[in-house]
Structures are given as structure tokens and as C-alpha cells.
Amino acid sequence: MIRREAERRRGVVLVLVLGLLLLVVALALALGGEVAVECTVAAERVDAVRLRALADSAVERALAALRHDDTPASDSLFDAWRDEPSWGGLPGDGGRTWLLLREPDPGDGVELRFGVRDEASKLDVNVASAEQLGALPGITEEAVEAILDWRDGDDEAREQGAESAYYAALDPPYQAKNAPFESLDELLRVKGIDEAMLYGEDRNRNGRLDPGEDDGDRSFPPDDADGELDRGLVDYLTVFSRELNRTAEGKARLRWSQASPAEVEARLLAGGASEAVAARVRLLRASAPSIGSRAELLARLGVSDRAQVAVLLEELTFVDADFVPGRINVNTAARPVLAGLPGLEEEQVDAILARRADPTAELSSPAWLLEVVPFATFIGIADSLTTRSHQFTIDAVALLDDRPRSLRVEALVDRSYVPPRILLRREISALGFPLPGERGEELP
């Protein structure tokens, strides 16, 4: 009897021990799972830090190039910040970086280049005319008029446009802004503009036609499979482009409305104008102080000599502000942007593209256009042009070497500040990795 009781107790102890062992094993497994999860999370955080450091280094490299621009008097297709092949796949600490230059072909046929994009090469949607907007590829008259209605300050709709009465009837309803655009995405709220018109086929925003963007309806995004990239409006428009109202040397331009005739003459002589031209401008300032534009000044003077016109454009201003918004850099603007300038014929646009593609050409002032367009045509576009860029878009891509993880950021930079200032920075990795094949995957 005693023996059976002892055996029963030993059995109970054995069961308890086995139970405790199972509990310990379960706890160990649970703890191991948590440790594995924590290790995975920690590794992902480390990867995120590494990617951020790589992307930051690429952005800083672009900022340094903008700070140390070797041609500060003007910006053209040949500036180092704009086209630098070494910025493609540059090795870094545990990874590589790219600075993508997304822009339409400026005429040299290069499909993929690396650098930063100047915003002055685009059309400012907040100051563009109907004619300029209408010259952009893929846009409709309805969209043009709706853009003008959206940004103007009234509630009177154009024939094909829209004001608050139209938007209030939508689901959900909203009001017309009647104020400047703050982002290009805001265009999607405008009547007649959808994602296809705004973004085209280039959904990963790399400026090239990838296989998935040329296969019809077989994969997203929808495309026409015609072998040509539809960029949409986004590559031709900006909401932030402004020129410092200063000379290349940093001196404030002389404001026509505030200067005396003698001050105007002295300033022009100091800037390199001939005595005859300076004297004529002095007389004009005394007799017509209300002149309000470059075009009006040039028309009244009738001076078409390139060197003299360059001095007039450089030293005088008719804008009583520190910045002039929306001027287009004629040295870097895309063909559709140039085609929208009033009075320019197609062959003149061709001549502009050919002239500025010459690395030996002197392009420091918009007055160089007088070599390829008639004086009367130049007068009509003089107030819209510049040869300097102050705002830039940086598209930085970072990729780790030891795993297929990447990060893509976009930064808007303003070089009118010293040092250049980042105005906006956002992650755009959701657009997808923009360089097919660079991660080692096989392309279709």
C-alpha cells in the first residue's frame, strides 16, 4: 500500500515536471519569436537609417554643386549641376545613390541623365497665359480655361471653365480656390484634369518609357503602347519659379518707377551701355515715366543691338518687388514651353534649341535670342524670359548593396537664399524604384 502511494506521488511529480518543461519551452519559443520580430524591426530601422543617410548625402551633393556653380551669371544645359554622369549609381556607405534628372529631351537625344531640374525650365501654372498652357502636350481647352478660373479671384466662369457653382454640385462638393496653386497635385481638383492628363504614362516618374508603361492594358498604368512616352503635364509645369530682381553681381536692379532720369542714365553707363543709348533712355524716362514693361521700353527705343539690349534687361526693372515670378529660362526650357511663347514660330523654336545646344554660345542674357528671332518677336516675349534659375528639384534615389531596399526623396531647393534652402522635402518611394535592372532583377 505504501509502495503504491509512493509510486503515485512520483507519477504526479513527473507530470508536474513535464508540465513545467512544456511551459518553459513555450515561453522560450514565444520569447524567441518576439526576439526574432524585434531583430527584424531593428534591422529594418537600421536599413531605414542607412537609406536616409545615403539619400541625404545625395541631396547634399546636389546642394554643394548649386552653391559652387561656376557660371553664376546664367544657367544653361551645360552646368555641372544639371548633367553629371557620375551622379548615376555613385557608391556610398553600404549602397549606391542616383540623382535623377527628369526632363523632356532638350535636343541631344539622351534618354537618361543625372543632375537636378531647374524649375525655371518649366511653365509656372500661376502666371501662365491661356496661349502658353494651350501649347502643352495633351491638354484640352476645357482644362486650360478651368485652370485660369481656379486661380483667378472671381466666380465668373469662362465658357468651358468652372467656378464654385460647378464644383459644389460634385460628390463630395467643394469650392473653387480662386487663389494661386500650391502644388501640382492640386490640378486634380480642376475640371477636365485627371491623373492620365497630369501624370501621363510615366507613373514611376523616371523620365523614360519602361516596359510596363508601353504594354497597353496588360499592366498598370494604362498606356497606348505606341512606343513613345506620354509625360503628362507634370513635367512641364511648376508652382514655384521666381527670379531675384538683381543683376548677376547681386546688385538690385534700378526700378524704373522710382529712379530719376539722371539715375537711369548713370546706371546704364556704368553697366556698359553706349552714351547714345543711355541718353535716349534718360529722355524717355523724363517723358514717359509710366512705362511698365521691358517690351514697352524696347518698342519705344527701337534699339535692337544685342549688347545694348542685354544692358537694358540687366540693369533696369519694371517690377517693384524683390522677386519676379514665373519667368522662363530660355536656355533650358522644353520645346512645348518655348512653343507657347507668343509670336514664336516652329522654325524659330528649332533655331533656339539649336543655338543653345552649342557649348561655345554666349547665353548670359535673353538678348541672345536677337540672333535667331526678329526684333518684333523678341519684344513680345522679353518680359517672360530669363537665363537664370533659382529654384531646383532634386530627385534622390538610394539603394542598399546587401538587400533590395531603396528610398526615394524629392526636394525643392531655393538658391536665392545663401546658403541654398530646402523648401520642401518628401518621400516618393511609393512611385516605385525608378531604375529597372539596377537592383539585379531581370527585365521583361
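Predicted model: local features only at pLDDT ≥ 70, side-chain atom pairs only at ≥ 80, totals over all residues.

Residues are numbered from 1 along each chain as its sequence is written, and side-chain values use heavy atoms, with hydrogens and water left out.

**Exercise 1. Work out how strand β2 is paired and covered.**

Solution. 
- Step 1: locate the strand. β2 spans residues 95-100; strands here are DSSP runs of E with at least two residues, and helices are runs of H or I with at least four, numbered from the N terminus.
- Step 2: look at β1 (residues 88-91). It pairs with β2 in the antiparallel sense over three bridges, where pairing takes at least two DSSP bridges between the strands. L90 has T97 of β2 as its bridge partner.
- Step 3: check the turn. Three residues sit between the strands of this hairpin, and G94 takes a positive phi near 85°.
- Step 4: turn to β12 (residues 391-400). Six bridges join it to β2, again antiparallel, and G95 stands opposite L400.
- Step 5: check the cover. Five of the six residues in β2 are buried (buried is under 20% relative accessible area, exposed over 50%, partly exposed in between; 1.4 Å probe, protein chains only).

**Exercise 2. Find where E103 and R82 sit, and whether they are buried or exposed.**

Solution. 
- Step 1: the two form a salt bridge, their closest N and O atoms being 2.1 Å apart. The term means a side-chain nitrogen of Lys or Arg within 4 Å of a carboxyl oxygen of Asp or Glu.
- Step 2: the pair links distant parts of the chain, 21 residues apart: E103 lies in the loop between β2 and β3 (117-118), R82 in the loop between α1 (2-67) and β1.
- Step 3: E103 is buried at 7% relative accessible area, and R82 is buried too, at 1%.

**Exercise 3. Describe the cover of the salt bridge between R255 and D322.**

Solution. 
- Step 1: these side chains meet at 3.2 Å, N to O.
- Step 2: R255 belongs to strand β7 (residues 254-255), while D322 is in the loop between β8 (316-317) and β9 (323-325), 67 residues away.
- Step 3: R255 is partly exposed at 22%, whereas D322 counts as exposed at 55%.
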